[in-house]
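User: Could you walk me through reading this one? I'd like the general idea first, then the case at hand.

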Amino acid sequence: MKDWVVNLTVVLADGRVIKTRQRPRKSSAGYNLNGLFTGSEGTLGFVTEATLKLARIPEETGVALTTFPTMRDAANAATQIVREGIPVGAVELMDDVQMVVINKMGSTGRVWKEMPTLFFKFSGTKAGVQDNVESVRKIIDQNKGGDLEVEKDKSKQAVLWSARKEAFWSMLCMRESGHEAWSTDVAVPISRLPDLVEMSKKDLEKLGLFGSMLGHIGDGNFHETILYDGAKEREQVSKCVHDMVHRAIEMEGTCTGEHGIGLGKKEFMVKEVGEGSLAVMRGIKNALDPFWLMNPGKVFDP
């Protein structure tokens, strides 16, 4: 989101109303207040207006998918695609468990191969999309991938992308009475992604937990959704998630690429950014909200 914000109008804790910047495409005037307020989880001010950038509708689009024998193979292929700089709008990974769940729910109107699957979106000129599809196809072949199924028709693209759209909701529909779902995310440098995906997958299997993995793997971000009996398995699930987070940080990654810190990941902030950076963040919070009125208790404690 931060890359699409031109400017914001923000109400501060003391009632002041500020505008973060003017409307040119770029500016070097002072501190980056857009970046400060975007993603601050409501702890620094209320955003009442936002001016956003728009993207033109591309001449051509394409949606594609292919399967792999293992999660590591899929992650290796995605990593290679990103490293070679092939323009791909989205690279999404879903594991075999997730594909099984989608088939069980039957909400997409087709039957999917129950294997680790990569989904792609392409956009640009007709010639550019075709070139990018062929470049991706070559890398898939080098990494044990199956045939690349490509759709350029809008309605067929929606069907092909429907598995990605239904992923989280399909997992929630699998919950039994009294059971809970724990959804979390981490992100790591692209070079470490295959290692973390493989280790996290093995953790789930070793602990006998029912969980799926999916991710915006093109930017090193992936998610786990674990279904569990809250009365019996919460401690086990917590350990699995916390192990994944610690491992991600040790790989120079982050405890959350998208979900945010909130209450649940405050304990990882010191390990990720260090006491010095955390002190600076608290200083900003104290300057803008000295009485901690704005979304208190989130991100870090007083």
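User: What is the accessible surface of the chain, and how much of it belongs to carbon and sulfur atoms?

Analyst: Accessible areas come from the Shrake-Rupley method with a 1.4 Å probe, counting only the protein chains shown as cover for residues. Here the chain exposes about 15,900 Å², and carbon and sulfur atoms hold 52% of that. Keep in mind that this is a predicted model: local features need pLDDT of at least 70, side-chain atom pairs count only at pLDDT 80 or more, and totals for chains, interfaces and linings use all residues. Residues are numbered from 1 along each chain as its sequence is written, and side-chain values use heavy atoms, with hydrogens and water left out.

User: What share of the residues counts as buried?

Analyst: Buried means under 20% relative accessible area (1.4 Å probe, protein chains only). Of the 302 residues in the chain, 44% qualify.

User: Which residues have the most contacts inside the largest nonpolar core?

Analyst: A nonpolar core is a set of buried Ala, Val, Leu, Ile, Met, Phe, Trp, Tyr and Cys residues joined through side-chain atoms within 4.5 Å. The largest one has 49 residues, with Leu118, Phe120, Val136, Ile217 and Phe222 having the most contacts inside it. Helix α7 (residues 234-250) supplies the largest share of this core, seven residues. A second, separate core has 13 residues, including Val63 and Met94.

User: What is Ile217 in contact with?

Analyst: Contact means heavy atoms within 4.5 Å. Beyond its neighbours within four places in sequence, Ile217 touches several residues, among them Ala75, Val91, Glu92, Leu118 and Ile190.

Conventions:
Buried < 20%, exposed > 50% of the residue type's maximum accessible area, 1.4 Å probe, protein only. Helix = DSSP H or I, 4+ residues; strand = E, 2+ residues; numbered from the N terminus.
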